[in-house]
Amino acid sequence: MGVQSFDGAELRWLGRIHDAGQAEAAFEAAPRGIRQHQPGLHLRAARPGTRNVGAHAGARRGPGAEHLLYGLTVEHGTPLYNDVRLGRQVPPDDDRAADCYELALDRLAQAGYEQYEISNWQRGGHACRHNLVYWRHEPYLGFGAGAHSFDGARRWWNLRPVPEYVARVGDGVSPMRDGETVDARLAMGEFMMLGLRLVAEGVEPARFEARFGARGSTSIDAVFGEEVAGLVRRGLLERLPDRLRLTRAGRLLGNQVFAEFLEGSDP
């Protein structure tokens, strides 16, 4: 459920048309789904000038939510994007966002949530299996306007405009807009980038070798040894006996870590 926040001022800043009371009512009225799972909540924070932590508020005001997603991206085409571009709103502040993120790490842990991915928390064993497919770089099929698909070696995506998508499907014409082949080097970089998003699981060298061994005998150290060593020295990555994973500092600077593995890859 795209609640975004339980703070009225933050909802207005985000350009949302619902208020906190409506969000709570919708959450309580939602069907409990397969095997009586509670709905998950999408929450955002880091509005300039506030230390409000939306995810923590969600943990308090959405009792029974088993999955929380946290973080804010100013997406192109949204009212907030246009307001920031035109100077009507102050853009999110990176330092304040980092403060909110660290506060969320502590408070959500106190509320019984486990952070299993950089921007996702769960309790009761209810990690999002749908998203785990992406983070483990596994194949998936997407259906609908703008949907993306990946078969392990190639990815493709559909037309985004809904009327055009509907017209094509109605005429029996493929709605696919374009696609690309993922070469071995890019696939390895994406495998590292996505896998390292998983906080505890990280990237297992054995899985890396099993995945890419068919493309030539290889290992993480053979391909990314220099990058891994540098990130470990900087305290952003830790090497365990059976896996590599981000440190707490690495989670705050994840984009810097991921760039190390994608540099030199074909676009």
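This is a predicted model: local features need pLDDT of at least 70, side-chain atom pairs count only at pLDDT 80 or more; totals for chains, interfaces and linings use all residues.

Me: Which quantities describe two packed helices?

Reply: The angle between the axes and the distance between the axes describe such a pair. Here the axes of helix H8 (residues 184-195) and helix H9 (residues 205-212) come within 11 Å and cross at roughly 155 degrees. Axes are lines fitted to C-alpha atoms, for helices over the stretch in contact, with angles from 0 to 180 degrees between N-to-C directions. H8 and H9 are therefore roughly antiparallel (over 145 degrees). Helices (H or I, at least four residues) and strands (E, at least two) are DSSP runs numbered from the N terminus.

Me: Which residues of H8 and H9 meet?

Reply: Ala187, Met188, Phe191 and Met192 in H8 meet Arg207, Phe208, Arg211 and Phe212 in H9, contact being heavy atoms within 4.5 Å. This contact has 6 nonpolar, no polar and 2 charged residues (nonpolar: Ala, Val, Leu, Ile, Met, Phe, Trp, Tyr, Cys and Pro; charged: Asp, Glu, Lys and Arg; polar: the others, Gly among them).

Me: At what angle do the axes of H8 and H10 cross?

Reply: The axes of H8 and helix H10 (residues 220-233) cross at roughly 65 degrees and come within 12 Å. From H8, Arg185, Met188, Gly189 and Met192 meet Ile220, Val223 and Phe224 of H10. By class, these residues are 5 nonpolar, 1 polar and 1 charged.

Me: How do strands of a sheet pair, and in what order do E5, E6 and E7 lie?

Reply: Strands of a sheet pair through backbone hydrogen bonds, either parallel or antiparallel. In this model, 3 strands form an open sheet in the order E5-E6-E7, with antiparallel pairing (at least two DSSP bridges make a pair). Strand E5 (148-150) and strand E7 (176-181) are the edges, each pairing on one side only. Neighbouring strands are turned by 15 degrees against each other on average, direction ignored. E5 is joined to strand E6 (residues 154-158) by 3 bridges, and Ser149 stands opposite Trp156 in E6.

Note on methods
Residues are numbered from 1 along each chain as its sequence is written. Side-chain values use heavy atoms; hydrogens and water are left out. Angles under 35 degrees count as roughly parallel, over 145 as roughly antiparallel, 65 to 115 as roughly perpendicular and the rest as oblique.
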